[in-house]
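Here are my notes on this model, point by point. Have the viewer open while you read.

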Amino acid sequence: MSGCPGIRGQAPGLAWQCSSMGGLSAALCLSWALALVGAHPLGHGGHGNKTVGPWHHLGSEPPANSTELMQRCADEEGFDAVTLDEAGTMVFFKGSLVWKGFTGAAEPIKDSWPEIQGPVDAALRIHYHDHPEGLHDNVLLFQGKRVWAYHEGRLRLGYPKLIQEEFPGIPADLDAAVECHPKECPSETIVFFQGSRAFTYDLRTKAMKQRAWPAISNCTAAVRWLERYYCFQGIRFLRFNPLRGDVPPRYPLDARDYFMHCPGRGHGRESQKNATLWGILDACSGRPFPAFSSDDPGRIYAFRGGHYFRVDSVRDGLHAWLLNHTWSGLEGEVDAAFNWADKLYFIQGSQVTIYRSEHGYSRVEGYPRPLVEELGVSQADAAFTCPHSSVLHVIQGSQLQSIDLHQSPRRPGPPQLLPHPHVDSAICTTKGVFLFVGADFHQYQDVAQLSAATVSAPAQNTAAVFFRCSPSGAPHPPPRGGHHPRDHPQ
């Protein structure tokens, strides 16, 4: 996006495609795949045994003068529907055709969903663990009065159904649909669009409400991507708030600059020439991350160079985002970060800033403030809390100190010596405690095992396990033109 600030005024970059897990045993790979993907708020899934890398959106590129590419990039109409499928690939529907990924070639819709000839009115990937018929992580396709439900490309038993039967009160002949997840909406909700009207449907209570959202009327397609909500109006799109229906400044934007590869379009190509910037923002480069953070719902963040990666969202694409994309007003390097009581704490030098996480992050009034006043320590190389615990563990140099966050004033306990002279960052999940040192991490069963350790746990490669990079960890070259990390709608 032109004018988007990056590191010290440079254009932002991101991580490029990592090709495989590699270098670890099959058991460890499987364990981590389940641990990381299973923690994703969208659940886990995939098409059978198909391997899907973080940049599966970048598929084979059709010739620049091909008829189907011209159809995809046409000035008029835009798409009938947009969704992510069960494997996290973004799917675009238009007429009887479907495009899979940002650069994939056109395919007939019936090749993947033989029961539907096209066109599709609306589409969404549903996230609802409690659905009695197991619709969690299914793709729903709407056409006329009916809705089809697919899991791993197969039509579910009992479908298609009437839309009124599946979603009482929702009209037929929809224009768009998208699901709003908990933490972003008060409950599991689907937002439906028909002409100038918007409807919200609570999946648990089955309550339907019509909304007056003039800013996002006439959506021809809608999609949730990496916790952001987009309404397409022909070939242009808006980002909108799924609770209020408002739109931030600078929209609408052209989808051809952000969601697909179209010849002669896109931004940020000059940043491809900056090798230093690529290294900083390439998750596969082997450079250390100054901070990691995890929270109780399973979100995992990695911080470096004024940007962050959502590690647990790897199946929906691995991207570097500016900090203020999620935490308004937050800039610069993050030294340490930790989660507690539905809040995320950022330590930067001698200061700490706190953001509430419910329904999107908002900064707590009065912050940043001195770290020593908040936690009783003057600085931190790493900090972490374990799931459902109020004890904060702070690492400085080779020492570990614990702080009871319920205590007032907060004061660190006696220091304990670690078998590591220095730690870059740390997290604690249900799988244990992870200390990140350089390009590697060391895993401990829990804090007690870490505190008692006299020698460090075996080193494992961070890029390979957390980011599914190749064994060498070498950065991959940027994709050709078109869709570019700088182009991500903020």
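Which residues have the most contacts inside the largest nonpolar core?

1. Before the answer, some housekeeping. This is a predicted model, so to speak: local features need pLDDT of at least 70, side-chain atom pairs count only at pLDDT 80 or more, and totals for chains, interfaces and linings use all residues. Residues are numbered from 1 along each chain as its sequence is written, and side-chain values use heavy atoms, with hydrogens and water left out.

2. Now the core. The residues with the most contacts inside it are Phe193, Phe232, Phe237, Phe259, Phe303, Trp327 and Phe346, and the core has 53 residues. A nonpolar core here is a set of buried Ala, Val, Leu, Ile, Met, Phe, Trp, Tyr and Cys residues joined through side-chain atoms within 4.5 Å; buried means under 20% relative accessible area, with a 1.4 Å probe and protein chains only. Domain 1 (66–257) and domain 2 (269–467) both contribute residues, so this core lies between them. The domain bounds come from an automatic or database domain assignment.

3. A second, separate core has 19 residues, including Tyr159, Ile170, Phe199 and Tyr201.

4. Take a look at Trp327. Leaving aside neighbours within four places in sequence, Trp327 is in contact (heavy atoms within 4.5 Å) with Tyr301, Phe303, Tyr308, Leu344, Phe346, Tyr355 and Tyr361.

5. On to the strands, which are DSSP runs of E, at least two residues, numbered from the N terminus; two of them pair if DSSP finds at least two bridges between them. Strand 6 (residues 138–143) and strand 7 (residues 146–151) run antiparallel, joined by 5 bridges, with Leu140 opposite Ala149. The two form a hairpin with 2 residues between them, and Gly144 in the turn has a positive phi of about 60°.

6. Strand 7 has other partners too. Antiparallel pairing over 2 bridges links strand 7 with strand 8 (residues 154–155), where Tyr150 stands opposite Leu155. That hairpin also has 2 residues between the strands, and Glu152 takes a positive phi near 50°. Another 2 bridges join strand 7 to strand 9 (residues 161–162), again antiparallel; Arg146 has Leu162 as its bridge partner there.

7. Last, an open sheet: 4 strands in the order 31-32-33-34, with antiparallel pairing. Strand 31 (425–429) and strand 34 (459–461) are the edges, each pairing on one side only. Between strand 32 (residues 432–437) and strand 33 (residues 440–444) there are 5 bridges, and Phe434 has Gln443 as its bridge partner.

Key. Buried < 20%, exposed > 50% of the residue type's maximum accessible area, 1.4 Å probe, protein only.
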